[in-house]
Amino acid sequence: MLRRTVKITAYALSAVLLCTGMDVYAATGVSSVLPSGGINIVLDNGTGLESLRDQTGDKTIQIETVVDVERVGEAKAAAAAEALAREKAQEEEMFKNLVIAQVNAYVNVRSLPSESGEVVGKLYNNSVGTLLSKENGWYQIRSGNVTGYVKGEFCVTGDEAITLAREVGTRIASVNCDGLFVRKEPSTESKILGMVAYMDDLLVLEETDTWVKVDTEEGDGWVSREYVDLHTEFVEAESKEEEEARLAKEAADRAAAREAARQAQAEQAAQNQAAAPQGSSHGIDPSSVTISGDNEMGVAVANYAVQFVGNPYKWGGTSLTNGADCSGFVMSVYAAFGVSLPHSSSADRKQGYAVDSLANALPGDLICYSGHVALYIGDGNIVHASNSTTGIIISRADYKRILAIRRIF
């Protein structure tokens, strides 16, 4: 009986065999299947895959490797589904241990489980903390830099928190590569709607094992799960010291921004004269918009910005006349007032200080969306570098979900 030992130098192939269990077909005139579980593989640096001989030396054995694409795809999909299931189970367990405030404004966080305890911070409505213990109707929590007690009657936890956490949390996909395509359908064969930049934060609308549906300026589309980092954002408690520091910093930043704007007024006037003529607008007619308000500098910013309506959109651009993207537009408008902003829509969500609602927004405020940023000009309107089709336009501020409103002045 002739016995053959197959010696393979293709290390990558042997690894695939061991990891995936793919079949190998040996063609010696008649094809025969070698079950992956019974292959005796010996690695030898001297023998090539295309020139294998049996031990008698009488016959050359030609080896053909056949990759079972369907089985590999099924295995990959199963692994992705399993990973997603584990992630959701871990997320649910984490949500179950949250304490979520349900109040009109905020609930005090105290040093002791009693109303006589010192106030060490505030847990705002829909804000969250991690449950540490329960004591006489009080929850001990850790939230941000605050550890203390809140009254249980003003919060939910356990099973109630699981459902509520998904409602009050904001699911975000942060792009972890340069120039990620957004597609109309969850397939690499699908039409490309647009492109998003590295570190862009996108609002998640739907998730599958391998794709994520996100909100972009070009419309709702899909990105590969492989190229985004997913997380859920919650508002956390603010300590007494943090609140005092925040208020002081906001006042100082506001004063500094106003002073910089005053110093830049002469330069602004020159730029106004040099601005290119307005083009056609696909949004609200600029002539129908009146910008006014008590915040003098914010009104000046808004008036300066609207003169560029009709100019082109350019991905990565910062020119108000020759082309800018959304954050480039906002950055360049504020640069004319001596204020430096980052060229990043996600970073803009951390500039200045927070405004709690659109009803309280003022001209000049930054309106932050999923992977997008605009300037508020009053009366519910924004001016923004929208996309390559529309260019710089005026739109309604509530045309899609707002993630944050930030005030610079």
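# Briefing: strands, helices and rings

Six bridges join strand β14 to strand β20 (residues 228–233), and the two run antiparallel. Keep in mind as you read that this is a predicted model.

- β14 covers residues 170–175, and six of its six residues are buried.
- Here's some background for the next point: in a regular strand, the side chains alternate between the two faces of the sheet.
- In β14, one side holds T170, I172 and S174, while the other holds R171, A173 and V175, and all of these are buried. Both faces of the strand are covered, in other words.
- If you want to find the β20 pairing on screen, look for S174, whose bridge partner in β20 is D229.
- β14 also pairs with strand β17 (residues 201–207), in the antiparallel sense and over three bridges.

**Two mostly covered helices**

- Helix α6 spans residues 296–306 and is mostly covered, with eight of its 11 residues buried.
- The buried residues in α6 are M297, G298, V299, V301, A302, Y304, A305 and V306. Hold on to Y304, as this residue comes back among the aromatic rings.
- Helix α7 (residues 326–335) is mostly covered too, with eight of its 10 residues buried.
- In α7, the buried residues are C326, S327, G328, F329, V330, S332, V333 and Y334.

**Aromatic rings**

- A quick tip on reading these: a pair of aromatic rings is described by the distance of the centres and the angle of the planes.
- How many aromatic pairs does the structure hold? There are six.
- One of them is F95 with F234, an edge-to-face pair with 5.8 Å centre to centre and 90° between the planes.
- That pair links distant parts of the chain: F95 is in helix α2 (residues 69–96), F234 is in the loop between β20 and β21 (238–239), and they are 139 residues apart.
- Is F95 buried or exposed? F95 has a relative accessible area of 1%, so this residue counts as buried.
- Another pair is Y334 with F409, which is tilted: 5.6 Å centre to centre, with 40° between the planes.
- Y334 is buried because its relative accessible area is 0%, and F409 is buried because its value is 6%.
- Y304, F308 and F337 form one aromatic cluster.
- A ring can have a charge over it, too: the charged end of K122 sits over the ring of Y106, 4.4 Å from its centre.

- F181, I192, M195 and W315 make a nonpolar surface patch of about 360 Å².
- I192 belongs to strand β16 (residues 192–196).
- Why does I192 count as partly exposed? Its relative accessibility is 37%, which falls between the 20% and 50% cut-offs.

**Loop residues to look up**

- G310 sits in the loop between α6 and β22 (318–319). At 24% relative accessibility, this glycine counts as partly exposed.
- G310 and G391 are 81 residues apart in sequence, yet 6.2 Å apart in space, C-alpha to C-alpha.
- Before the last two residues, one bit of background: most residues other than glycine have a negative phi.
- N136 isn't a glycine, but has a positive phi of about 50°. You'll find N136 in the loop between β10 (128–135) and β11 (138–143).
- N136 is exposed, with a relative accessible area of 73%.
- D379 is another non-glycine residue with a positive phi, near 55°. Look for D379 in the loop between β26 (372–378) and β27 (381–387).
- D379 is exposed as well, with a relative accessible area of 58%.

Definitions and conventions:
Residues are numbered from 1 along each chain as its sequence is written. This is a predicted model: local features need pLDDT of at least 70, side-chain atom pairs count only at pLDDT 80 or more; totals for chains, interfaces and linings use all residues. Side-chain values use heavy atoms; hydrogens and water are left out. Buried means under 20% relative accessible area, exposed over 50%, partly exposed in between (1.4 Å probe, protein chains only). Helices (H or I, at least four residues) and strands (E, at least two) are DSSP runs, numbered from the N terminus. Two strands pair if DSSP finds at least two bridges between them. Patches are made of residues with over 30% relative accessible area and no salt bridge: like charges are joined within 9 Å, nonpolar side chains (Val, Leu, Ile, Met, Phe, Trp, Tyr) within 5 Å. Accessible areas come from the Shrake-Rupley method with a 1.4 Å probe; for residues, only the protein chains shown count as cover. A salt bridge is a side-chain nitrogen of Lys or Arg within 4 Å of a carboxyl oxygen of Asp or Glu. Rings of Phe, Tyr and Trp (its six-membered ring) pair if their centres lie within 6.5 Å; planes under 30 degrees apart count as stacked, over 60 as edge-to-face and the rest as tilted. A charge sits over a ring if NZ of Lys or CZ of Arg is within 6 Å of the ring centre and within 35 degrees of the ring normal.
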